[in-house]
Amino acid sequence: MAFAAAQLSYLVDLGMRPDADDAVAEEFVRTLNPDEEAAFHRIASESEPGDGGEEGDDLQRDDAGNDAEGDQTITRDAAGGDNSSASDTTPGDTDIQELVRRELDNRDRVRQERLAFIREQAGDDIPRDLVERAMAEEWPQERVSREFLSAVRTRPAAVQGGGAGSAPAAHTRSHEGNCTLGALQGGILLREGIELDDELFRTPAANAVLRRENVRGSWLHRMATAGDRSGGELDQFHRDRDEAHRWSSRSLVDICREALRISRRNVPIDQDDMVRRALSTVALDAIFSPSVNMQIIAAYLGVQDTTNGWVRPAELRDFKKVERGRLTKASGLKKLARGGTPNPIEFSDEVEEYKLARYAGKFEVSEEDIIDDSFGGLSEHTPSELGEMAAEIRPNLVYSILLGNPDMRDAKALFHADHGNLFDVALGVAGLDAMKVAMRTQRENGRHIRNAMRFLIVPEALDFTARQLISSAELRNPAGAGAEGTANPHQNRFTIVSDPRLDNGVEDPDTGEFHAGSDTQFFGAAAAGSNSIEVGYRRGTGRAPRMSTYLLPGDRYGMGWKCDLDIAAKAIDWRSYGKSVPAG
């Protein structure tokens, strides 16, 4: 039996493996429910030359009625080889899997356009279950408009006043009405220990993740940030939240069954077939993804970042190189003679360059994990570990700059005697004062820069000494005690930052180079500003990792999540920092 490429892509989209032969495809067709089988045969008629098909159908045409890639029919000869014919290819030139891939790519493009239209049309007056159904069944634009308009027109009016003529509201329970996508998402979140009213959902990082299409969890963020929201959306949130507790203890196999039901797919009796078909649905991805994303975000935000306050975060549009110019201090305003003309104030441009890089990791859930009811692949803690590793990238980059001492735009190291920010003093009253004075009295073109030291950055080995030095109300036996008072002028003047990377050294995530640490050196830093170390994030990511889903390749059944963090760090100027390396 010959199959059109569009038919094969449709079967693959329902859960058939892309490398299936004709016999497997024919057997798979026998498992389709009546609606799926009708759609399959409709594709066959639309794939014949000269048949334009119906406008608005998503199997061969996009929403605008534009033709998909040329109709392609695949047959196999007696020897098992492929004989391909297509309207835009030479027979035999195109491999069957390549044709299927192209069809799937086209279907994905059409699907994304359709989902975007559904989201655009779905206002607060459209029932949530109708929106979810439209997304799950991927309705064409004409049907979306028709069904949404009908829902608005037939929406019952609110009961006014509660007088004698008003009837009490009736609340009914049904499996399909209560087991929604939101309820299943909430159930998995609760199963993994994340409450639905957690403050985590209020963070910009969570908002950036939850609004993504594959996650479909923006309702969690909206309800967490708008507790006074009323009406149908609030009612639906409460229903989903209550129903989520009913599903928090159910097995992953049960969740797969519901994913097929939400997707309007036939549920096979065989458990293995059922799990495999569910893994190909958009619904199961949307059910699992909020939990995976929130576990990673919770771990990411839970790691203490000791660089806060003395490095400057920035939002970058893309991965292209960016320039950070610094306008050096001009000589200031000059006295203007009577009737004279002001002198121009001139600046010289000094530029540092850097660009974003992507750091990534992944974890997978196979069909065996689902059958074993183990959501986490290699480890139950894998998502959290991914979040923690992502959180370590920023401090690793920043401390690599402090320890690596890279060259600046003038071909001299960040910390250099010519920059006036490299010292040879031990941490103590005199050493701290020397660094403070040097940073505070910096000048350029005769003008004071005013980069006051605000942070004292030390290795863990010096943490006790630093806190005793800064926190003490008075100093005992200072040099020249007979002539000086005992008040401590450094008390609470600086914020102490200690990090073990300065003791043990750190590997630069950007270059892979290891920079050795020291338990005697210490650093001073001004408050974060335009002349600080800059940490760049890609705009729109919430300065947090982003997760994307993929199906396991080859002959494996399952899905995986890739965790990406787009970030980079660069020292913009040397005047905001000081470093002391005691001799010996």
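Author: Let's start with a term we will need: a residue is buried under 20% relative accessible area, exposed over 50%, and partly exposed in between. Keep in mind, too, that this is a predicted model.

Reader: Thanks! Why is arginine 543 called partly exposed?

Author: Arginine 543 has a relative accessible area of 34%.

Reader: What makes the phi of arginine 543 worth a look?

Author: Phi of arginine 543 is near 55°, which is positive, and the residue is not a glycine. You will find arginine 543 in the loop that runs between strand 16 (533–538) and strand 17 (546–551). Asparagine 405 is another residue with a positive phi, about 50°, although it is not a glycine. Asparagine 405 sits in the loop between helix 16 (382–404) and strand 8 (422–423).

Reader: How many helices and strands does the chain have?

Author: The chain has 19 helices and 19 strands. Of its 584 residues, 48% are buried.

Reader: How do you know that arginine 324 and glutamate 534 form a salt bridge?

Author: Look at the distance: their closest N and O atoms are 2.7 Å apart. The cut-off for a salt bridge is 4 Å, between a side-chain nitrogen of Lys or Arg and a carboxyl oxygen of Asp or Glu, so the pair of arginine 324 and glutamate 534 qualifies. Arginine 324 belongs to strand 5 (residues 322–327) and glutamate 534 to strand 16, so this pair ties together parts that are 210 residues apart in sequence.

Reader: Are arginine 324 and glutamate 534 buried or partly exposed?

Author: One of each! Glutamate 534 has a relative accessible area of 1%, so it is buried. Arginine 324 comes to 23%, so it is partly exposed.

Reader: What makes aspartate 566 and arginine 358 a salt bridge?

Author: The closest N and O atoms of aspartate 566 and arginine 358 are 2.7 Å apart, and the cut-off is 4 Å. Aspartate 566 lies in strand 18 (residues 558–571) and arginine 358 in strand 7 (residues 357–366), so the two tie together parts 208 residues apart in sequence. Aspartate 566 is buried, at 4% relative accessible area, whereas arginine 358 is partly exposed, at 42%.

Reader: How do you know that glutamate 364 and lysine 362 form a salt bridge?

Author: Their closest N and O atoms are 3.9 Å apart, and a salt bridge needs them within 4 Å, so this pair counts too. Lysine 362 has a relative accessible area of 53%. Exposed means over 50%, so lysine 362 is called exposed.

Reader: How many salt bridges are there in the whole structure?

Author: A search finds 28 salt bridges. Some link up: Glu352, Arg409, Lys570, Asp573 and Arg575 are joined in a network of salt bridges.

Conventions
Residues are numbered from 1 along each chain as its sequence is written. This is a predicted model: local features need pLDDT of at least 70, side-chain atom pairs count only at pLDDT 80 or more; totals for chains, interfaces and linings use all residues. Side-chain values use heavy atoms; hydrogens and water are left out. Helices (H or I, at least four residues) and strands (E, at least two) are DSSP runs, numbered from the N terminus. Buried means under 20% relative accessible area, exposed over 50%, partly exposed in between (1.4 Å probe, protein chains only).
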